[in-house]
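Please read them beside the model.

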Amino acid sequence: MLRNGDVKYLVVIPTLNEVKAIGLVLDEVLSLGIPRDSVVVVDGGSADGTREAVALRGVRLVDQEGKGKVGAVKTAARLANGVDYVVFLDGDYTYPAKYIPKLVEVARSNGYDLVIGARKSAEPGAQSLLYKLGNKVLTKTFNLLFGTRLSDVLSGMYAVRADVLRELGFESRGFGIESEIVTHVVSQGYKVHEVPIEYRRRVDEEGKKLGIRHGLHILADMVRMAWRYNPTFFIFFLGSLALVVGLPLGLYVAYHYFFTGVKYYVKGLVAIILTLAGFQSLLLAVLSIYLKRMELRVLRELRRVRQG
Ligand SMILES: Nc1nc2c(ncn2[C@@H]2O[C@H](COP(=O)(O)OP(=O)(O)OP(=O)(O)O)[C@@H](O)[C@H]2O)c(=O)[nH]1
Ligand SMILES: [Mg+2]
(Lines give C-alpha, C1' and ligand atoms only; values in the text may rest on other atoms or scores of the structure.)
(Ligands and ions follow the chains in the order given, each with its own letter.)
Protein backbone atom coordinates (compact mmCIF):
# COMPACT_ATOMS: atom_id res chain seq x y z
CA MET A 1 0.00 0.00 0.00
CA LEU A 2 0.98 3.57 -0.47
CA ARG A 3 3.30 5.42 1.85
CA ASN A 4 3.06 9.14 2.35
CA GLY A 5 6.05 9.93 4.52
CA ASP A 6 5.70 6.94 6.77
CA VAL A 7 1.92 6.49 6.61
CA LYS A 8 0.05 3.93 4.60
CA TYR A 9 -3.36 4.68 3.21
CA LEU A 10 -6.06 3.15 1.08
CA VAL A 11 -8.25 5.19 -1.27
CA VAL A 12 -11.83 3.90 -1.28
CA ILE A 13 -14.36 4.96 -3.91
CA PRO A 14 -17.98 3.90 -3.33
CA THR A 15 -19.96 3.55 -6.54
CA LEU A 16 -23.46 2.77 -7.64
CA ASN A 17 -24.02 3.20 -11.35
CA GLU A 18 -21.41 5.87 -12.07
CA VAL A 19 -20.29 4.77 -15.51
CA LYS A 20 -19.95 8.30 -16.84
CA ALA A 21 -17.82 9.46 -13.92
CA ILE A 22 -15.81 6.57 -12.48
CA GLY A 23 -13.26 6.53 -15.32
CA LEU A 24 -12.54 10.23 -14.79
CA VAL A 25 -12.21 9.71 -11.04
CA LEU A 26 -9.81 6.79 -11.39
CA ASP A 27 -7.69 8.54 -14.03
CA GLU A 28 -7.43 11.57 -11.79
CA VAL A 29 -6.48 9.48 -8.75
CA LEU A 30 -3.90 7.45 -10.67
CA SER A 31 -2.44 10.59 -12.28
CA LEU A 32 -1.40 11.70 -8.80
CA GLY A 33 1.01 8.79 -8.68
CA ILE A 34 -1.08 6.82 -6.23
CA PRO A 35 -0.40 3.14 -6.99
CA ARG A 36 -3.22 0.94 -8.28
CA ASP A 37 -3.06 -1.43 -5.34
CA SER A 38 -3.82 1.48 -2.99
CA VAL A 39 -7.12 2.18 -4.69
CA VAL A 40 -10.28 0.15 -4.35
CA VAL A 41 -13.75 0.70 -5.74
CA VAL A 42 -16.48 -0.63 -3.46
CA ASP A 43 -19.50 -1.23 -5.60
CA GLY A 44 -23.14 -1.48 -4.59
CA GLY A 45 -24.21 -3.60 -7.56
CA SER A 46 -23.76 -1.31 -10.57
CA ALA A 47 -25.29 -2.57 -13.77
CA ASP A 48 -24.38 0.26 -16.13
CA GLY A 49 -20.80 -0.58 -17.10
CA THR A 50 -19.17 0.96 -14.01
CA ARG A 51 -17.57 -2.38 -13.16
CA GLU A 52 -16.11 -2.75 -16.65
CA ALA A 53 -14.70 0.80 -16.56
CA VAL A 54 -12.95 -0.06 -13.30
CA ALA A 55 -11.58 -3.34 -14.66
CA LEU A 56 -10.31 -1.54 -17.75
CA ARG A 57 -8.05 0.57 -15.55
CA GLY A 58 -6.73 -2.38 -13.61
CA VAL A 59 -8.19 -1.17 -10.33
CA ARG A 60 -9.62 -3.60 -7.78
CA LEU A 61 -13.39 -3.70 -7.41
CA VAL A 62 -15.01 -5.24 -4.36
CA ASP A 63 -18.70 -5.93 -3.95
CA GLN A 64 -20.03 -4.28 -0.84
CA GLU A 65 -21.74 -6.16 1.93
CA GLY A 66 -25.25 -5.07 2.91
CA LYS A 67 -27.13 -2.18 1.39
CA GLY A 68 -26.59 1.56 0.90
CA LYS A 69 -23.49 3.71 1.15
CA VAL A 70 -23.12 2.58 4.77
CA GLY A 71 -22.52 -0.95 3.44
CA ALA A 72 -19.71 0.33 1.25
CA VAL A 73 -17.99 2.02 4.19
CA LYS A 74 -18.40 -1.10 6.32
CA THR A 75 -16.75 -3.14 3.58
CA ALA A 76 -13.96 -0.57 3.37
CA ALA A 77 -13.32 -0.94 7.11
CA ARG A 78 -12.75 -4.65 6.53
CA LEU A 79 -10.42 -4.01 3.58
CA ALA A 80 -8.35 -1.49 5.49
CA ASN A 81 -6.26 -3.99 7.42
CA GLY A 82 -2.66 -2.94 7.57
CA VAL A 83 -3.14 0.70 6.60
CA ASP A 84 -3.12 3.77 8.81
CA TYR A 85 -5.77 5.81 7.01
CA VAL A 86 -8.63 5.28 4.62
CA VAL A 87 -9.43 8.14 2.25
CA PHE A 88 -12.98 8.12 0.94
CA LEU A 89 -13.92 9.84 -2.27
CA ASP A 90 -17.29 9.66 -4.04
CA GLY A 91 -17.25 8.07 -7.47
CA ASP A 92 -19.25 10.79 -9.24
CA TYR A 93 -16.27 13.07 -10.02
CA THR A 94 -17.56 15.84 -7.77
CA TYR A 95 -14.57 15.84 -5.40
CA PRO A 96 -11.09 16.82 -6.65
CA ALA A 97 -8.72 13.89 -6.11
CA LYS A 98 -5.74 16.20 -5.73
CA TYR A 99 -6.67 16.66 -2.08
CA ILE A 100 -6.12 12.98 -1.22
CA PRO A 101 -2.43 13.34 -0.25
CA LYS A 102 -3.15 16.62 1.52
CA LEU A 103 -5.88 15.15 3.73
CA VAL A 104 -3.56 12.34 4.79
CA GLU A 105 -0.65 14.69 5.38
CA VAL A 106 -2.74 17.05 7.50
CA ALA A 107 -4.02 14.07 9.53
CA ARG A 108 -0.57 12.56 10.00
CA SER A 109 1.33 15.68 10.90
CA ASN A 110 -1.25 16.92 13.40
CA GLY A 111 -2.43 13.61 14.81
CA TYR A 112 -5.99 14.12 13.58
CA ASP A 113 -8.18 11.02 13.51
CA LEU A 114 -10.53 12.43 10.88
CA VAL A 115 -9.84 15.11 8.29
CA ILE A 116 -12.88 16.20 6.30
CA GLY A 117 -12.60 17.79 2.88
CA ALA A 118 -15.09 20.58 3.52
CA ARG A 119 -16.82 21.89 0.40
CA LYS A 120 -16.03 25.60 0.50
CA SER A 121 -16.43 26.64 -3.10
CA ALA A 122 -18.78 24.93 -5.47
CA GLU A 123 -18.80 25.10 -9.24
CA PRO A 124 -21.96 26.89 -10.45
CA GLY A 125 -24.78 24.39 -10.60
CA ALA A 126 -22.95 21.84 -8.46
CA GLN A 127 -25.46 22.10 -5.63
CA SER A 128 -29.12 22.99 -6.00
CA LEU A 129 -30.52 25.50 -3.53
CA LEU A 130 -32.40 22.74 -1.75
CA TYR A 131 -29.30 20.54 -1.55
CA LYS A 132 -27.27 23.45 -0.17
CA LEU A 133 -29.94 24.35 2.35
CA GLY A 134 -30.42 20.73 3.43
CA ASN A 135 -26.70 20.33 3.88
CA LYS A 136 -26.52 23.50 5.96
CA VAL A 137 -29.47 22.57 8.16
CA LEU A 138 -28.05 19.09 8.79
CA THR A 139 -24.58 20.41 9.59
CA LYS A 140 -26.00 23.09 11.93
CA THR A 141 -28.18 20.48 13.63
CA PHE A 142 -25.15 18.28 14.07
CA ASN A 143 -23.18 21.16 15.60
CA LEU A 144 -26.03 21.90 18.01
CA LEU A 145 -26.40 18.27 19.07
CA PHE A 146 -22.71 17.60 19.56
CA GLY A 147 -21.28 21.00 20.44
CA THR A 148 -19.00 21.04 17.40
CA ARG A 149 -18.23 23.84 14.94
CA LEU A 150 -17.92 21.96 11.69
CA SER A 151 -18.89 23.33 8.32
CA ASP A 152 -19.46 20.19 6.24
CA VAL A 153 -20.37 17.08 8.19
CA LEU A 154 -21.77 15.23 5.16
CA SER A 155 -18.85 15.61 2.78
CA GLY A 156 -18.08 12.53 0.69
CA MET A 157 -14.33 13.14 0.87
CA TYR A 158 -12.42 12.51 4.07
CA ALA A 159 -9.43 10.71 5.54
CA VAL A 160 -10.12 8.66 8.64
CA ARG A 161 -7.83 6.52 10.80
CA ALA A 162 -8.42 2.90 9.83
CA ASP A 163 -8.72 1.62 13.39
CA VAL A 164 -11.24 4.33 14.24
CA LEU A 165 -13.27 3.23 11.22
CA ARG A 166 -13.26 -0.35 12.47
CA GLU A 167 -14.75 0.73 15.82
CA LEU A 168 -17.96 1.95 14.19
CA GLY A 169 -21.27 0.21 14.80
CA PHE A 170 -22.53 1.03 11.27
CA GLU A 171 -26.00 1.71 12.54
CA SER A 172 -26.96 4.54 10.23
CA ARG A 173 -28.88 4.04 7.03
CA GLY A 174 -27.42 4.80 3.63
CA PHE A 175 -26.08 8.31 3.47
CA GLY A 176 -26.17 8.78 7.25
CA ILE A 177 -22.81 7.03 7.46
CA GLU A 178 -20.81 10.26 7.16
CA SER A 179 -22.51 11.78 10.18
CA GLU A 180 -22.13 8.47 12.06
CA ILE A 181 -18.37 8.64 11.54
CA VAL A 182 -18.18 12.23 12.78
CA THR A 183 -20.45 11.37 15.73
CA HIS A 184 -18.19 8.53 16.77
CA VAL A 185 -15.06 10.63 16.35
CA VAL A 186 -16.25 13.61 18.38
CA SER A 187 -17.97 11.64 21.11
CA GLN A 188 -14.97 9.39 21.71
CA GLY A 189 -12.65 12.33 22.10
CA TYR A 190 -10.89 11.77 18.79
CA LYS A 191 -9.66 14.77 16.86
CA VAL A 192 -11.43 16.09 13.76
CA HIS A 193 -10.30 18.79 11.39
CA GLU A 194 -11.55 20.31 8.13
CA VAL A 195 -9.57 21.20 5.02
CA PRO A 196 -11.34 23.45 2.50
CA ILE A 197 -11.87 21.86 -0.91
CA GLU A 198 -13.79 22.65 -4.08
CA TYR A 199 -16.85 20.82 -5.28
CA ARG A 200 -17.64 20.10 -8.92
CA ARG A 201 -20.96 19.55 -10.59
CA ARG A 202 -21.94 15.99 -11.39
CA VAL A 203 -20.90 14.76 -14.83
CA ASP A 204 -24.02 12.68 -14.90
CA GLU A 205 -26.94 14.72 -13.61
CA GLU A 206 -29.25 11.75 -13.99
CA GLY A 207 -27.10 9.77 -11.60
CA LYS A 208 -28.37 11.87 -8.69
CA LYS A 209 -29.62 9.69 -5.90
CA LEU A 210 -30.27 12.13 -3.09
CA GLY A 211 -33.66 13.61 -2.26
CA ILE A 212 -35.57 15.13 0.64
CA ARG A 213 -36.37 11.68 1.94
CA HIS A 214 -32.64 10.97 2.34
CA GLY A 215 -32.18 14.27 4.17
CA LEU A 216 -34.90 13.32 6.65
CA HIS A 217 -33.32 9.90 7.17
CA ILE A 218 -29.97 11.53 7.87
CA LEU A 219 -31.64 13.90 10.35
CA ALA A 220 -33.41 11.01 12.12
CA ASP A 221 -30.14 9.10 12.33
CA MET A 222 -28.37 12.14 13.78
CA VAL A 223 -30.98 12.55 16.50
CA ARG A 224 -30.90 8.83 17.29
CA MET A 225 -27.14 8.87 17.61
CA ALA A 226 -27.12 12.06 19.67
CA TRP A 227 -29.54 10.41 22.07
CA ARG A 228 -27.18 7.50 22.50
CA TYR A 229 -23.78 9.18 22.33
CA ASN A 230 -24.58 12.54 23.90
CA PRO A 231 -27.96 12.78 25.67
CA THR A 232 -27.02 16.00 27.47
CA PHE A 233 -28.59 18.13 24.80
CA PHE A 234 -31.93 16.34 25.07
CA ILE A 235 -32.03 16.43 28.86
CA PHE A 236 -31.21 20.12 28.72
CA PHE A 237 -33.84 20.74 26.06
CA LEU A 238 -36.61 18.86 27.91
CA GLY A 239 -35.67 20.51 31.20
CA SER A 240 -35.77 23.97 29.64
CA LEU A 241 -39.12 23.22 28.07
CA ALA A 242 -40.57 22.11 31.40
CA LEU A 243 -39.31 25.32 33.03
CA VAL A 244 -40.54 27.58 30.25
CA VAL A 245 -44.05 26.19 30.76
CA GLY A 246 -43.90 25.49 34.50
CA LEU A 247 -42.51 28.80 35.78
CA PRO A 248 -45.02 31.19 34.12
CA LEU A 249 -47.85 28.85 35.06
CA GLY A 250 -46.63 28.88 38.66
CA LEU A 251 -46.45 32.68 38.64
CA TYR A 252 -49.99 32.86 37.25
CA VAL A 253 -51.33 30.56 39.95
CA ALA A 254 -49.43 32.43 42.67
CA TYR A 255 -50.67 35.81 41.41
CA HIS A 256 -54.28 34.70 41.65
CA TYR A 257 -53.76 33.03 45.00
CA PHE A 258 -52.36 36.20 46.55
CA PHE A 259 -54.16 38.98 44.68
CA THR A 260 -57.56 37.73 43.52
CA GLY A 261 -58.10 34.90 45.93
CA VAL A 262 -58.80 32.39 43.13
CA LYS A 263 -57.17 29.03 43.82
CA TYR A 264 -56.13 26.86 40.89
CA TYR A 265 -55.36 23.44 42.34
CA VAL A 266 -54.70 21.39 39.20
CA LYS A 267 -52.77 24.19 37.45
CA GLY A 268 -50.79 24.71 40.66
CA LEU A 269 -49.89 21.05 40.87
CA VAL A 270 -48.85 20.92 37.22
CA ALA A 271 -46.72 24.04 37.67
CA ILE A 272 -44.95 22.55 40.68
CA ILE A 273 -44.27 19.24 38.92
CA LEU A 274 -42.98 20.95 35.73
CA THR A 275 -40.77 23.37 37.63
CA LEU A 276 -39.25 20.68 39.82
CA ALA A 277 -38.73 18.32 36.88
CA GLY A 278 -37.23 21.20 34.87
CA PHE A 279 -34.71 22.12 37.56
CA GLN A 280 -33.79 18.49 38.09
CA SER A 281 -33.25 17.97 34.36
CA LEU A 282 -30.97 20.99 34.16
CA LEU A 283 -28.95 19.65 37.07
CA LEU A 284 -28.83 16.25 35.39
CA ALA A 285 -27.61 17.90 32.19
CA VAL A 286 -24.77 19.59 34.09
CA LEU A 287 -23.91 16.27 35.69
CA SER A 288 -23.91 14.49 32.36
CA ILE A 289 -21.59 17.12 30.86
CA TYR A 290 -19.16 16.38 33.67
CA LEU A 291 -19.52 12.64 33.14
CA LYS A 292 -18.93 13.05 29.41
CA ARG A 293 -15.82 15.14 30.06
CA MET A 294 -14.59 12.53 32.49
CA GLU A 295 -15.22 9.77 29.93
CA LEU A 296 -13.24 11.69 27.31
CA ARG A 297 -10.36 12.27 29.73
CA VAL A 298 -10.29 8.59 30.67
CA LEU A 299 -10.43 7.50 27.02
CA ARG A 300 -7.59 9.86 26.05
CA GLU A 301 -5.50 8.68 28.98
CA LEU A 302 -6.17 5.03 28.09
CA ARG A 303 -5.09 5.66 24.52
CA ARG A 304 -1.93 7.40 25.70
CA VAL A 305 -1.08 4.48 27.97
CA ARG A 306 -1.80 1.93 25.23
CA GLN A 307 0.44 3.73 22.78
CA GLY A 308 3.13 3.64 25.45
N1 LIG B 1 -21.22 1.21 -2.94
C2 LIG B 1 -22.25 2.04 -2.96
N3 LIG B 1 -22.09 3.31 -3.38
C4 LIG B 1 -23.16 4.13 -3.38
C5 LIG B 1 -24.43 3.74 -2.95
N6 LIG B 1 -25.28 4.79 -3.08
C7 LIG B 1 -24.55 5.80 -3.58
N8 LIG B 1 -23.27 5.41 -3.77
C9 LIG B 1 -22.14 6.17 -4.26
O10 LIG B 1 -21.78 7.08 -3.25
C11 LIG B 1 -21.36 8.30 -3.81
C12 LIG B 1 -22.22 9.43 -3.30
O13 LIG B 1 -23.53 9.30 -3.78
P14 LIG B 1 -24.25 10.51 -4.50
O15 LIG B 1 -25.48 10.00 -5.13
O16 LIG B 1 -23.28 11.22 -5.37
O17 LIG B 1 -24.66 11.40 -3.28
P18 LIG B 1 -24.39 12.95 -3.07
O19 LIG B 1 -23.05 13.32 -3.57
O20 LIG B 1 -24.65 13.24 -1.65
O21 LIG B 1 -25.54 13.64 -3.91
P22 LIG B 1 -25.63 13.89 -5.50
O23 LIG B 1 -24.25 13.85 -6.08
O24 LIG B 1 -26.27 15.21 -5.63
O25 LIG B 1 -26.50 12.76 -5.98
C26 LIG B 1 -21.42 8.14 -5.32
O27 LIG B 1 -20.16 7.77 -5.78
C28 LIG B 1 -22.43 7.01 -5.48
O29 LIG B 1 -22.21 6.27 -6.66
C30 LIG B 1 -24.59 2.37 -2.52
O31 LIG B 1 -25.65 1.93 -2.13
N32 LIG B 1 -23.47 1.58 -2.53
MG1 LIG C 1 -22.39 13.20 -5.40
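1. A cavity is a set of points, on a 1 Å grid over the protein atoms alone, where a 1.4 Å probe fits but cannot get out. Grid points are joined across faces, edges and corners, and a volume is the space filled by probe spheres set on the points. The largest cavity holds about 40 Å³ of space.

2. A word on the basis. This is a predicted model, in which local features need pLDDT of at least 70 and side-chain atom pairs count only at pLDDT 80 or more, while totals for chains, interfaces and linings use all residues. Residues are numbered from 1 along each chain as its sequence is written, chains are lettered from A and ligands numbered from 1 in the order in which they are written, and side-chain values use heavy atoms, with hydrogens and water left out.

3. What lines the largest cavity? The residues are Leu114, Ile116, Val153, Ser155, Tyr158, Glu178, Ile181 and Val182; a lining residue has an atom within 4 Å of a point. Strand E6 (114–122) and helix H7 (177–187) are the elements that give two or more residues to this lining. H7 gives the most, with 3 residues. Elements are DSSP runs numbered from the N terminus: helices are H or I with at least four residues, strands E with at least two.

4. By class, the lining of the largest cavity has 6 nonpolar, 1 polar and 1 charged residue. Nonpolar covers Ala, Val, Leu, Ile, Met, Phe, Trp, Tyr, Cys and Pro; charged covers Asp, Glu, Lys and Arg; the others, Gly among them, are polar.

5. The largest pocket has a volume of about 1,200 Å³. A pocket is an open set with protein on both sides within 12 Å along at least five of seven lines. Its lining has 50 residues, with Tyr131, Phe175, Lys209, Leu210 and His214 nearest the centre. Strand E2 (7–15) and helices H3 (68–79), H5 (129–146) and H8 (212–229) each give two or more residues. The largest share, 8 residues, comes from H8. The lining of the largest pocket divides into 19 nonpolar, 16 polar and 15 charged residues.

6. The second largest pocket holds about 480 Å³ of space. Phe146, Gly147, Asn230, Lys292 and Leu296 are the closest to its centre among its 21 lining residues. H5, H7, H9 (232–260) and H10 (265–307) are the helices that give two or more residues. H10 supplies the largest share, 6 residues.

7. Why does the second largest pocket lie between domain 1 (2–229) and domain 2 (232–307)? Both domains give residues to its lining, so it lies between them. The domain bounds come from an automatic or database domain assignment.

8. Ligand 1 has 21 residues around it, and Glu18, Gln64, Gly91, Asp92 and Lys208 come nearest. Near means that a heavy atom lies within 4 Å.

9. Polar contacts, pairs of N or O atoms within 3.5 Å, follow. A backbone N or O atom of leucine 16 lies 2.9 Å from an oxygen atom of ligand 1. For glycine 44, a backbone N or O atom is 3.2 Å from a nitrogen atom of ligand 1. Tyrosine 131 places a polar side-chain atom 3.1 Å from an oxygen atom of ligand 1. The protein covers 94% of the 620 Å² of accessible area that ligand 1 has on its own (Shrake-Rupley method, 1.4 Å probe).

How values were computed
A polar contact is a pair of N or O atoms within 3.5 Å; within protein, one must be able to donate a hydrogen and the other to accept it, and residues adjacent in sequence count only if both atoms are side-chain atoms.
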